[in-house]
Amino acid sequence: AVAAVAAATVADVAIAPDDPLRRSSRAGDESSKPYIYTTPKKYHYQHNGGKGSSVSTVVTLSEDGDRLQGDDGGGGATLLSLMGACCCCICVILLVTGGILLAFEELTRAEGETGGANAGDESSNSSVIMAGTVVLIVAAGAFLLGCCSCCFSFVAACADCGNGDGEAGGLLFGSGSHDENDPRNVKIQIRRLNDRYQNAETALNSVHLNVVGNMKEIKEAQKKEEKARKEDDKRKQSELEERVRNDLEMGLTTQNMRRNYRPIAFLVHFHGDVMLSNMELLRRQVSIIVNCGRGGVDRAVFVITSPGGAVSPYGLAASQLVRIREAGIQLIVCVDTVAASGGYMMASVGDTICAAPFAIIGSIGVVTQIPNFQKFLNKHDIDAYLFTAGEHKRTVDVIGTVTEEGKAKLQEELDAMHRAFKDHVALARPALKDTIEEVATGEYWMAVQAKKLGLVDEIMTSDKYLESLCQENEILEIMEKQRRKGALSMVHGMVGAMKELMIEGITSPSHRSVQ
């Protein structure tokens, strides 16, 4: 039964028209069936930093079509480095020229001594000496200018490697911005994954031993297959051209046509910890999807791995995913290992939830644990004072007296959070509205069991789902740009590639967690 379910395709998942999390007016009504074609190997995408920002991000697809990588700023250090290199090259040329002139003068003088020299020859030799001397002086100036340019570019690179926006900071001066919530501290890298799936067969055929390749019948069959393939490509090209002409007559823009013919599947791998330390990265990823994706055409695929954590961070993360559904972009959530508690709070927002058979799903509940050291303090005659303003400012804490009233109030707060959790799941998945009390007991299940309870839609790994998309969609993974540290930053700064140092924020612990 599991295999049968996993074999089902979920490439075209219907969106309920009465989805409570989706706006009534949706963009991208232009209907079209995705057309399979060979995508270009290189293109450029430029993203401006927004209003009031002077930083631009140039995203370039590498020649192998594997990754999109951004490079912010760094023009000043690059220009100085190039100037230094040019000055050094000019210095070498002038040194060689001056040496040749002086050597020629010395040779001429030696011949004059053996054969006799006249006044004209002496005047000519003086001119050569003067020219050689001037050339050597210019070479020394070029050398000094090149050294200064290299030194200044090195200082500029070290100053900027701590932040990519030109503020004072980096290896030599320290980071110029320590605000963890500053979005400039997170840089995004986008890479195309289609080739990883499509080129597997080509790589296999290149190493597979062909024992029948020299047979005459095989060669004739290959020629027929090649001819049929070319005719099929020609037919598809003709269909594409006809479709383009029709769409142009209908008034569609070239950008909409391009996205209709080859929709984008945005891929995000989310790994959540207790306090959701990668929240800023998630914000940037969702913002890119919402602002660049087209409702009704593109889709977002989130591969979530999280056992849950604090209530407020995971509530915010789920609200970020709601933004995608509100924009009319289809949201697919894949769970390969675990999406429990706060992880399932995020996963439940998806239009469709795909999970591996043994993935852990559920745990819709709230838990808190607070140690109390009052008895220990009393035993050792240690006085601890807790001052509050407000009747319920502290209910149960580490050093205070635990009262029945305080415990009842804490339980009331947990129940309120649990009700909000259940309402969130029931709103995101209307099918669970009548059975939410049965599944919101804090229990967790394997995905094959969770599917029967309505917590999961399809039994399928994320890899299988992505493979079902790669033929008709561009799979673009949005991830954090890897940053270099230490000596590598200085080396890359010398050639103009500015890299940021990792800045780790320190967050305070929280007692209450979604479990």
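What covers the buried residues of H7? I began my entries there, in a predicted model. The cover includes H6, strand E5 (264–271) and helix H8 (279–292).

**Entry: helix H7**

I listed the buried residues of this helix. H7 spans residues 254–261, and Asn256, Met257, Arg259, Asn260 and Tyr261 are buried in it.

**Entry: glycine 272**

I moved on to the loop between E5 and H8, where glycine 272 is found. Glycine 272 has a relative accessible area of 13%, so it counts as buried. I looked up its contacts and left out residues up to four places away in sequence. Glycine 272 touches Thr305, Ser306, Pro307 and Tyr314. I also checked glycine 272 against glycine 342. Their C-alpha atoms are separated by 9.0 Å, while the two residues are 70 apart along the chain.

**Entry: the chain as a whole**

I took the totals next. The chain has 515 residues, and 38% of them are buried. I counted 16 helices and 16 strands. The accessible surface comes to about 29200 Å². Carbon and sulfur atoms account for 58% of that surface. I then sorted the contacts between residues at least 6 apart in sequence. Of these, 72% join residues at least 24 apart.

**Entry: nonpolar cores**

Which members of the largest nonpolar core touch the most other members? I found Phe302 and Ile361, in a core of 54 residues. I then noted a second, separate core of 14 residues. Val301, Cys354, Leu466 and Leu469 are among its members. In soluble globular proteins, nonpolar side chains tend to be buried together.

**Entry: nonpolar side chains at the surface**

I looked for a nonpolar patch on the surface. Leu209, Val211, Val212 and Met215 form one. Together they have about 400 Å² of accessible area. I placed leucine 209 in the loop between helix H5 (200–207) and helix H6 (216–249). Its relative accessible area is 64%, so leucine 209 counts as exposed.

**Entry: aromatic rings**

I searched for ring pairs and found one aromatic pair. Why does the pair of tyrosine 385 and phenylalanine 387 count as stacked? The ring planes stand at 20°, and stacking needs planes under 30 degrees apart. The ring centres are 6.4 Å apart.

**Entry: salt bridges**

How many salt bridges does the structure hold? I got 15.

I took glutamate 474 and arginine 192 to start with. Their closest N and O atoms are 2.6 Å apart. Glutamate 474 lies in strand E15 (residues 474–480) and arginine 192 in strand E4 (residues 188–192), so this bridge ties together parts that are 282 residues apart in sequence. I checked both ends for burial. Glutamate 474 is buried at 11% relative accessible area. Arginine 192 is buried at 6%.

I turned to glutamate 437 and lysine 422. Their side chains meet in a salt bridge at 3.1 Å, N to O. Glutamate 437 belongs to helix H13 (residues 436–439) and lysine 422 to helix H12 (residues 404–428), so the pair ties together parts 15 residues apart in sequence. Are the two ends buried or exposed? Glutamate 437 is exposed, with a relative accessible area of 53%. Lysine 422 is buried, at 12%.

I then looked at aspartate 457 and arginine 429. The closest N and O atoms of this salt bridge are 2.9 Å apart. Aspartate 457 sits in the loop between helix H14 (447–452) and strand E14 (458–459), and arginine 429 in the loop between H12 and H13, so the bridge ties together parts that are 28 residues apart in sequence. Aspartate 457 is partly exposed, at 27% relative accessibility. Arginine 429 is buried, at 8%.

Notes:
Residues are numbered from 1 along each chain as its sequence is written. This is a predicted model: local features need pLDDT of at least 70, side-chain atom pairs count only at pLDDT 80 or more; totals for chains, interfaces and linings use all residues. Side-chain values use heavy atoms; hydrogens and water are left out. A nonpolar core is a set of buried Ala, Val, Leu, Ile, Met, Phe, Trp, Tyr and Cys residues joined through side-chain atoms within 4.5 Å. Buried means under 20% relative accessible area, exposed over 50%, partly exposed in between (1.4 Å probe, protein chains only). Rings of Phe, Tyr and Trp (its six-membered ring) pair if their centres lie within 6.5 Å; planes under 30 degrees apart count as stacked, over 60 as edge-to-face and the rest as tilted. Patches are made of residues with over 30% relative accessible area and no salt bridge: like charges are joined within 9 Å, nonpolar side chains (Val, Leu, Ile, Met, Phe, Trp, Tyr) within 5 Å. Accessible areas come from the Shrake-Rupley method with a 1.4 Å probe; for residues, only the protein chains shown count as cover. A salt bridge is a side-chain nitrogen of Lys or Arg within 4 Å of a carboxyl oxygen of Asp or Glu. Helices (H or I, at least four residues) and strands (E, at least two) are DSSP runs, numbered from the N terminus. Contact means heavy atoms within 4.5 Å.
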